[in-house]
Amino acid sequence: MRIIRANEILELTRRLILDAEFNIGVDVRAALEAALKRETAQPARLALEQILENQRIASEERTPLCQDTGMIVAFVELGQDARVESDAEGGFEEAIQAGARAAFYGGYLRASVVDDPLFERANTRDNSPAVIHARIVGGDRLRMLVMPKGFGSENMSAIRMLPPSAGREGAADFIVDTVRRAGSKPCPPTIVGVGIGGTFEQCALIAKKATARRVGSVHPDPRYAALEDECLARVNALGIGPAGYGGFTTSLAVHIDHAPTHIAGMPVAVNIVCHASRHAEGYI
Amino acid sequence: MNAIDIALPLCAQTVAALNPGDIVRIGGPVYTARDAAHRRMAESLVRGEPLPFAIAGQTIYYAGPAPARPGQIIGPCGPTTSARMDAYTPQLIKAGLRGMIGKGERSDAVREAMREYGAVYFGVVGGAAALIARCVKRCEIVAYEDLGTEAIRRLELEGLIAIVLGK
């Protein structure tokens, strides 16, 4: 049995969060540069130029891309043949939380989390807690995907329990309508993650994970690939454009993931991320 | 870049001359305020208490900066979604607020109040936080320090490129 020290998990968490906060993915950058070639109107071009310049500054100065450094979401897969051994901070979950705190202090991130959501709404002051989604899988490794999530875009996300009769068209209409209603609030050009199927919470989870798929990658199922293309074309015909200044680029990609669901249901979740599309992945 | 230079605080004539879609270059003082600060200011108005800064003619920037590193004036400080402040904005405009900087659409009530009282709403690019931080030449907390990033700060801006989204 392979031993994974809690401190290794802490360090991986810290490193991945800071990587996501400071650096844009090469796939997203390429998509933004392609968008700049397409856009002709001055406001849209200005927005894209500022977004690209901002990314250059953030990466060079190792400063956060956005002041909303987000609530930290960590997807973790732990191999069943590995055993986590506690260190000073504690075990598996404590190590992730400690890694998130270390990133907060070391990276000068913003404290963006409140404790009670309804009443006091008191800031927790160290951006804790991180949201952890853990699974046990085969093998003896630990794989982590962190996604610092800003709420400009998170607030514009939506889920609907559609009836099976809604079909492909109902799903596409809901996706496009969610982006339309979001307008310029989620910091377009966005990436639209979609979950179809599963249960209520699974649908939302696969939508969130779908946002991290490589921009420019093609869905392996041609039917879903065609649906993604259609939704992206419809979304970009809305005219919202970069920063909401009008243009052809409201979203860089629509990524759909799907899961088996109940005979009575067809849930569709739409999770929107901004043009920074912050995420980073690593292994132990 | 072909931008109209705007010196804050705004006067009525400056606002009157602006049109939606105009690209502007903003310099001068703004006050940051977002969700929690707006809630407190609205409560002050209800109780008939003074606001924490003289709002007449001033501009609010909807922003909550990330912490400054040692030697920095301010951390990344892009705009937050203006619409969350829509519930409070008409009463602030009525109290004298003349300019707003943020991102995203505003409500009908805010647009109506802007028309009635002659206020203007500027958009800056959401997420361009490290770039915008370079336009901040001074930063001091003026109220609600306990709110952390949501405290009201007075920023001295220089060369902030924005676009007129409404007036």
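Q: What is the bridge partner of Glu77(A) in strand 5 of chain A?
A: The partner is Arg143(A). This is a predicted model, in which local features need pLDDT of at least 70, side-chain atom pairs count only at pLDDT 80 or more, and totals for chains, interfaces and linings use all residues. Residues are numbered from 1 along each chain as its sequence is written, while chains are lettered from A and ligands numbered from 1 in the order in which they are written. Strands (E, at least two residues) and helices (H or I, at least four residues) are DSSP runs, numbered from the N terminus.

Q: How do you know that strand 2 and strand 5 of chain A pair?
A: Let's count the bridges. Two strands pair if DSSP finds at least two bridges between them. Strand 2 (residues 71-79) and strand 5 (residues 142-149) of chain A have 8 bridges, in the antiparallel sense, so they count as a pair.

Q: What makes strand 4 and strand 10 of chain A stand at the edges?
A: Start with the whole sheet: it is open and has 4 strands of chain A in the order 4-2-5-10, with mixed pairing. Strand 4 (131-137) and strand 10 (280-283) each have a single partner strand, so one side of each has no neighbour in the sheet. Neighbouring strands here are turned by 15° against each other on average, direction ignored.

Q: Which strands of chain A does helix 1 lie across, and at what angle does it run to strand 5?
A: Helix 1 (residues 6-22) lies across strand 2, strand 5 and strand 10 of chain A, at about 40° to strand 5. For such angles, axes are lines fitted to C-alpha atoms (for helices, over the stretch in contact), and the angle between N-to-C directions runs from 0 to 180 degrees.

Q: What makes strand 6 and strand 8 of chain A the edge strands of their sheet?
A: This open sheet has 4 strands of chain A in the order 6-9-7-8, again with mixed pairing. Strand 6 (158-162) and strand 8 (251-259) each pair on one side only. The twist averages 15° from one strand to the next. Strand 6 is joined to strand 9 (residues 266-273) by 5 bridges, and the two run antiparallel. Within that pairing, Leu162(A) stands opposite Met266(A) in strand 9.

Q: Why is Asp115(A) called partly exposed?
A: A residue is buried if 20 or more other C-beta atoms (placed from the backbone) lie within 10 Å of its own, exposed if 12 or fewer, and partly exposed in between. Asp115(A) has 13 such neighbours, so it falls in the middle class. Asp115(A) sits in the loop between helix 4 (92-106) and strand 4 of chain A.

Q: Which residues is Asp115(A) in contact with, leaving aside its neighbours within four places in sequence?
A: They are Glu120(A), Ala122(A) and Thr124(A). Contact requires the C-beta atoms of two residues, placed from the backbone, to lie within 7 Å.

Q: How many residues of domain 1 of chain A are in contact with domain 2 of chain A?
A: 10 residues of domain 1 are in contact with 7 residues of domain 2. Strand 5 of chain A gives the most to the domain 1 side, with 4 residues.

Q: How do you know that the span of helix 2 of chain B is close to the expected one?
A: The expected span is 1.5 Å times one less than the number of residues. Helix 2 (residues 35-46) has 12 residues and reaches 17 Å from first C-alpha to last, close to the expected 16 Å. Its buried residues are Ala36(B), Ala37(B), His38(B) and Met41(B), and what covers them includes helix 3 (89-94) and strand 7 (152-166) of chain B.

Q: What makes both faces of strand 5 of chain B covered?
A: In strand 5 (residues 120-123), Val120(B) and Phe122(B) on one side and Tyr121(B) and Gly123(B) on the other are all buried. Strand 5 also pairs with strand 4 (residues 99-102) of chain B in the parallel sense over 4 bridges.
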